[in-house]
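Below is a short briefing on one protein chain.

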Amino acid sequence: MATYNGSRYIDEQLESILRELGPDDEIVIVDDASSDGTVDRIRSFTDARIRLIEAAANQGYVQSFEQAALASRGNAIFLSDQDDVWVEGRLDAMLEALESAAVVASNFDVLGGGDRPGIPLLQESDSARHRANLFGILVGYRAYYGCGMAFRREVLSSFAPIPPYLRESHDLWLAILGNSAGSIRHLGEATLLRRIHNDNATPRGWRSLSVMMAARVVLIRLMVEARRRLRASA
């Protein structure tokens, strides 16, 4: 988990995660130099499964997620936002999916029943359509959100270090790796409730044409890099 000025919702998120975890599991949190009391809220939890790492200066959420993943010790690595709520059974459902795929991506419902982003839901039947999924990432209609994703530890050596030109969308980088390796599973069910608000790190609404084109160039570079890394590790 990467946190930044999330004191308003962090308690509810952590409580929902801890209810899912076993005694040998952990929550690795990298706080990105919050100034609003987020660290104090995290420290108020006395659960030994929570490991807090405080960044000396703001580094951005992509680097914070990378740092947290590298600091993790488990065989299955789950990504989590700071302001959502895990649904009961999420852990078991995603661990079962990871038995047959290196990366798993699930859908989510919106907390409070609000409108969800206008991107089609992930379909389990599309799990093996890797080229179509990569095209969907490039076009923008594959709904890969980091808050609904997990991966096996074996993927970490390809995932990190995250390419330095990637300033956002570490989740798409993970999805690109999973599809490029031919090992990703879509879960049609919603495994979390996502809180939609103005402070979400994922951009809302339409972007300018120049920004969208620049993002597509980055995605193409990521696809090339994924193939390079996967070949090198084969």
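Helix α1, spanning residues 10-18, is mostly covered, with 7 of its 9 residues buried. The model is a predicted one.

- The buried residues of α1 are Ile10, Asp11, Gln13, Leu14, Ser16, Ile17 and Leu18.

- Strands β1, β2 and β3 form an open sheet of 3 strands in the order β1-β2-β3, and the pairing is parallel.
- β1 and β3 are the edge strands, each pairing on one side only.
- β2 and β3 run parallel and are joined by 5 bridges.
- Val30 has Ile53 in β3 as its bridge partner.
- α1 packs on the sheet and touches β1, β2 and β3; the direction of α1 makes about 160° with that of β2.
- Helix α3 (residues 61-71) also packs on the sheet, touching β1, β2 and β3, and its direction makes about 145° with that of β2.

**The whole chain**

- The protein chain has 8 helices and 8 strands.
- Its radius of gyration is 17 Å, close to the 17 Å given by the globule rule for 234 residues, so the chain is as compact as a globular protein of that length.
- Along the principal axes, the C-alpha atoms fill a box of roughly 45 × 40 × 35 Å.
- Of the 234 residues, 47% count as buried.
- Among contacts with a separation of 6 or more, 76% are between residues 24 or more positions apart.
- The chain exposes about 11,600 Å², of which carbon and sulfur atoms supply 51%.

Key: Residues are numbered from 1 along each chain as its sequence is written. This is a predicted model: local features need pLDDT of at least 70, side-chain atom pairs count only at pLDDT 80 or more; totals for chains, interfaces and linings use all residues. Side-chain values use heavy atoms; hydrogens and water are left out. Buried means under 20% relative accessible area, exposed over 50%, partly exposed in between (1.4 Å probe, protein chains only). Helices (H or I, at least four residues) and strands (E, at least two) are DSSP runs, numbered from the N terminus. Two strands pair if DSSP finds at least two bridges between them. Contact means heavy atoms within 4.5 Å. Axes are lines fitted to C-alpha atoms, for helices over the stretch in contact, and angles run from 0 to 180 degrees between N-to-C directions. The radius of gyration is taken over C-alpha atoms; the globule rule is 2.2 Å times the number of residues to the power 0.38. Accessible areas come from the Shrake-Rupley method with a 1.4 Å probe; for residues, only the protein chains shown count as cover.
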